[in-house]
Structures are given as C-alpha cells and as structure tokens.
Amino acid sequence: MKHETLDVTRNGPVLLVVMNRPEVLNAYDARMVRELRAVWRSFRDDDDLRVAVLTGAGDRSFSTGLDVDDTLTTGVASPSLDEDGRVALTSRDLRVHKPIIVAVNGHCCAGGWHFVNDADVILCSDNATFFDTHIDVGLANPVEAVGLLSRLPLTEVLRMVTSGRAYRLGAERARELGLVTEVVPLDDLVPRALEIAHVIARHRPDLLSNSLETIWTAVEDQRARAEALGLALLMRASSRDLLAFRPEAGP
C-alpha cells in the first residue's frame, strides 16, 4: 500500500513504520491518522508480522503531536478522535496485541506522547527530549498526562504539564526515571530497535499476545475513568483555543 505520510517497510517478521513529515516535526494530520490506522490493522491481521517499530523521520523530532495548522483549517478538535470521540491513533487504541517498539528521535511532546504511552518497549536517541506543550497553545492536557502516570512519577508529570515547553526531560534523565530502557546514538537508534524487535519476534506469538493483553488490561483499568473525563473536556475545546500558537516559536 502506498502512503503519503509514512514510510513502511518489512524486515522479516518486523514492520518498520516511520512517520514521515519532518518538515512539520512529524506532527500528525488527518491523513497520517488514517494511514496509521490502516497500518495497525494490516499489522494486526498479518500472521507473518510479529513486532512493529515506530519512529520519526529526520533527526529533529519523533512527533510533536497534532498538526495545529491542519486543525485550524479543518476545525476538528483532534484528528486522532474517531466518530465516537475516542482516541484511535496507536496500535493499542485499535486493540492490536502484538509488541510495539517506539524509538524516539529528537522532540517528543504533546500528542506524540500517545505513541510513547502505548508502547511496549521504548528507547531513544541521545538527542531526545520529552516535554509537553498543551498549556503553551491554550489547551488543557486531558489525555496524554493520564497515560504518562503509568510511565513517570506524579511529580514529573505535574511539573511537565504545568510548565509547558519550559520543562524538559533529556535522554539520560528519561532513562533514569524508567521512561526509556536504553539511550543510543542517533545513527544507531533504528538498527538497535530492529535488533530488539527480532529478539522479541523469536518467541511464540500467542504467548506474547496473551502476556501483553493481560498486562495492558491492568494498566488500562487504572486509566479508563480519568481518560474518559479528559476526552469529554477535549470535545468541548474549540480550535479557536489554538490561535495563541505561533509556529515560529517551535518546540
């Protein structure tokens, strides 16, 4: 299948998915969301594929979340929401119970956290930086921060959410806090992620699936109520709230 916003390649039993909009720091627009959903469903249904690796194109950014310009143009609060108002962006959102490795290169902020929150294995490059920009563009953080509570200490989540882009976690700090399991040079990031993926792919798919589904059920039971409230708040938000955003300020 041809994609406009993704580079998707097969590496034996491993699927490599690269978000390919480096000119906007790999922010996702409606087209990328549609393509990601199609890729995750195809990955789920292909018995020959056992593990997926997700990363971003270029050396500046993994993902900075939703494309604000696209949101202002379409008037949609977030293209990541489905017709029922639920987030449908990551493999976890689509109930794919196959291992997902996220390889963070450069900036990860705002809606980019969805991919990190829902990953099974996370590693990053030595130039990675993690932060949140919701408050800087006039929005509450109703969903991503809840997912972060299963990844980071409450004190870090609160400071990040209330400080905006002024407070950032570097790669080594992210490793110290347990957000990522490895920090590697940028040029080694994807090769290392693929190496880990092939190790995982050697194991029985049913055992992997059963283990992941059980573990994630425990995590999601804790997140569900708070995220439901957050999504209700998000649906009230208007794209006009984004007018304070100035692209030239950047991450």
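This is a predicted model: local features need pLDDT of at least 70, side-chain atom pairs count only at pLDDT 80 or more; totals for chains, interfaces and linings use all residues.
Colleague: In what sense do strand 1 and strand 2 pair, and over how many bridges?

Modeller: Strand 1 covers residues 6-11 and strand 2 covers residues 14-19. Within this pairing, Leu6 stands opposite Met19 in strand 2. The sense is antiparallel, and the number of bridges is six.

Colleague: Which residue in the turn of the hairpin has a positive phi?

Modeller: Strand 1 and strand 2 form the hairpin, with two residues between them. In its turn, a positive phi of about 65° belongs to Gly12.

Colleague: How many residues apart in sequence are the parts that the pair Arg31 and Glu4 ties together?

Modeller: The side chains of Arg31 and Glu4 meet in a salt bridge, at 3.4 Å from N to O. Arg31 belongs to helix 1 (residues 30-45), whereas Glu4 lies in the segment before strand 1, so the parts tied together are apart in sequence by 27 residues.

Colleague: Where is Asp126, a member of the negative surface patch, found?

Modeller: Asp126 forms this patch together with Asp59, Asp187 and Asp188. Its relative accessible area is 48%, which means that Asp126 is partly exposed. Asp126 is found in the loop between strand 7 (121-125) and strand 8 (129-131).

Methods
Residues are numbered from 1 along each chain as its sequence is written. Side-chain values use heavy atoms; hydrogens and water are left out. Two strands pair if DSSP finds at least two bridges between them. Helices (H or I, at least four residues) and strands (E, at least two) are DSSP runs, numbered from the N terminus. Patches are made of residues with over 30% relative accessible area and no salt bridge: like charges are joined within 9 Å, nonpolar side chains (Val, Leu, Ile, Met, Phe, Trp, Tyr) within 5 Å. Accessible areas come from the Shrake-Rupley method with a 1.4 Å probe; for residues, only the protein chains shown count as cover. A salt bridge is a side-chain nitrogen of Lys or Arg within 4 Å of a carboxyl oxygen of Asp or Glu. Lys and Arg count as positive and Asp and Glu as negative; His and the chain ends are not counted. The place of a charge is taken as NZ of Lys, CZ of Arg, CG of Asp or CD of Glu. Buried means under 20% relative accessible area, exposed over 50%, partly exposed in between (1.4 Å probe, protein chains only).
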